[in-house]
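The following paragraphs lead the reader through selected features of a protein structure.

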Amino acid sequence: MAWLYLKVLLVGVSFLGCLYPLVDFCFSGETRGQKPNFVIILADDMGWGDLGANWAETKDTANLDKMAAEGMRFVDFHAAASTCSPSRASLLTGRLGLRNGVTHNFAVTSVGGLPLNETTLAEVLQEAGYVTGMIGKWHLGHHSSYHPNFRGFDYYFGIPYSHDMGCLDTPGYNHPPCPACPWTARASRSPERDCYTDVALPLYENLNIVEQPVNLSSLAQKYTEKATQFIQRASTSRRPFLLYVGLAHMHVPLTRIQLSAGPQHRTPYASNLREMDSLVGQIKDKVDRVAKENTFLWFTGDNGPWAQKCELAGSVGPFTGLWQAQQGGSPAKQTTWEGGHRVPAVAYWPGTVPSNVTSTALLSVLDIFPTVVALAGASLPPGRHFDGLDASEVLFGGSQTGHRVLFHPNSGAAGEYGALKTVRLEHYKAFYVTGGAKACNGSTGPEQYHEPPLIFNLEDVAEAVPLEPGSAEYRSVLPKVREALADVLQDIAHDNISKADYTRDPSVTPCCNPHQIACRCQTASQTDISTSRNVGK
């Protein structure tokens, strides 16, 4: 591990008791105006209907709604997968899981991560002269070279995976409720599998664990501070920057916020949604103050709401997946129903992205990579194929044309991980496999294979009634679906693809103090996180 720490020191991301002292913000000969800055904010488990601009019943996203009014809102925008790691891998590579190798989630004990031969967006922009930062959830490997500091990010502050993958002293709202971290001896309990392990959740600053377990109640404030400080330093430096923020919101456990007495804000979910909206608003305000004319801000989500968490899950809006709901199970997160992958999305760049525009173009998280690379004047990594497209014409040219075809990979509810068994073709959608994720009532829909596939016309937004196989409409669409699926599978077969290492080893579990049962760090102050001990793993 010594060479890894040396590398971080040499590239200037080590933390020596104050903010960013060695991050290279120095002017390198190009004026910042020649290249735009990028802020990408990714919400976690946020439903399409959780954005007030999308769904009038939602009243808790004033800042995001304002950003939508001042920018462009996308109503047919999709996550690249319906679960955490694959969606994030696709954002950073522009490639589906069958190409980049990430088809399901990484664990606390995962040895690997996003394959090292995959080039991340941060690496491309770093080569183009950008200073790069990442705040929040990573979930693409934390051990050794898979850590974000070695995947193109000069600076990292956050949790290396989902914040329900370690215990907390104040566990927050979850369903089922979870116990707090043990203090002295392993508790003799058998909690439901949805509850945390006994190893405390770590918070990293670059390669150092600065808090374990994380203080969930102050996490949003810390993320806000680190993000705004990064923007300030980068803007002052005259270097272009990329900031990628992976929010903890709206994934469980939800923070125990002081609940508002107002009828619209009395639930834990509504209060956390409002906290997330405030965090995004503060980042946008900082951009507006220091880099408004030259910064492109893109907000979206990693997948739909986790319905089995009941009142602690978000809203899918009208995308209720009624056909699946009638079979049993949830048609949201982990599934390929619209509620699982259709996500909120807003683009904001005053004077460049037109204001108060609603785009119906079919777009995806996959498109962030090629769009940002093009705007930065960089080149796509050679020797591989990409599933995203450059959305510049939609963003700046008034086009409403995005993808003709999108593929929604299996994400845990049914079928083989990562397999392309759901095809979006214009306003039609074909399912070769269906099956519900666990619903709030505990039901799980049966895994069913369909040959010929179920095909829906998405004018039926609830995906309630498939087309009759004998109808002229079905017979017209089916050969186009088959051709599109055959083409992409052939393309993948001839592509330079990667394979992720999903092996597990308990020794790679992040732990600042292996002599303590929950791996607790003893820090002088919860607020002064820059003087905490180093991590030995």
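Cys-521, with a relative accessibility of 11%, counts as buried, because the cut-off for a buried residue is under 20% relative accessible area. The model in which this residue is seen is a predicted one. Cys-521 is joined by a disulfide to Cys-512, with an S to S distance of 2.0 Å. Cys-512 is likewise buried, at 7% relative accessibility.

This link is one of 4 disulfides in the count. When the bonded cysteines are counted along the chain, the disulfides follow the pattern 1-2, 3-4, 5-7, 6-8.

Another disulfide connects Cys-167 with Cys-181, and here the S to S distance is 2.1 Å. The link of Cys-167 and Cys-181 is right-handed, with 110° about the S-S bond. Both Cys-167 and Cys-181 lie in the loop between strand 5 (155–158) and strand 6 (203–205), so the pair ties together parts that are 14 residues apart in sequence. Cys-167 is buried at 1% relative accessibility, and Cys-181 is buried with a relative accessible area of 4%.

A further disulfide is formed by Cys-310 and Cys-440, whose sulfur atoms are 2.1 Å apart. The torsion about their S-S bond is about 105°, so this disulfide is right-handed. The pair links distant parts of the chain, 130 residues apart. Cys-310 is in the loop between strand 9 (295–301) and helix 8 (322–327), while Cys-440 is in the loop between strand 15 (428–434) and strand 16 (448–457). Cys-310 counts as buried at 16% relative accessibility, whereas Cys-440 is partly exposed, with a relative accessible area of 43%.

Cys-84 is buried at 2% relative accessibility, and Cys-195 is buried at 11%.

Attention now passes to strand 13, which comprises residues 405–409. Of its 5 residues, 5 are buried, so strand 13 is largely enclosed by the rest of the structure. In a regular strand the side chains alternate between the two faces of the sheet. In strand 13, Val-405, Phe-407 and Pro-409 point one way, and Leu-406 and His-408 point the other way. The residues on both sides are buried.

Key. Residues are numbered from 1 along each chain as its sequence is written. This is a predicted model: local features need pLDDT of at least 70, side-chain atom pairs count only at pLDDT 80 or more; totals for chains, interfaces and linings use all residues. Side-chain values use heavy atoms; hydrogens and water are left out. Buried means under 20% relative accessible area, exposed over 50%, partly exposed in between (1.4 Å probe, protein chains only). Helices (H or I, at least four residues) and strands (E, at least two) are DSSP runs, numbered from the N terminus. A disulfide is a pair of cysteine sulfur atoms within 2.5 Å.
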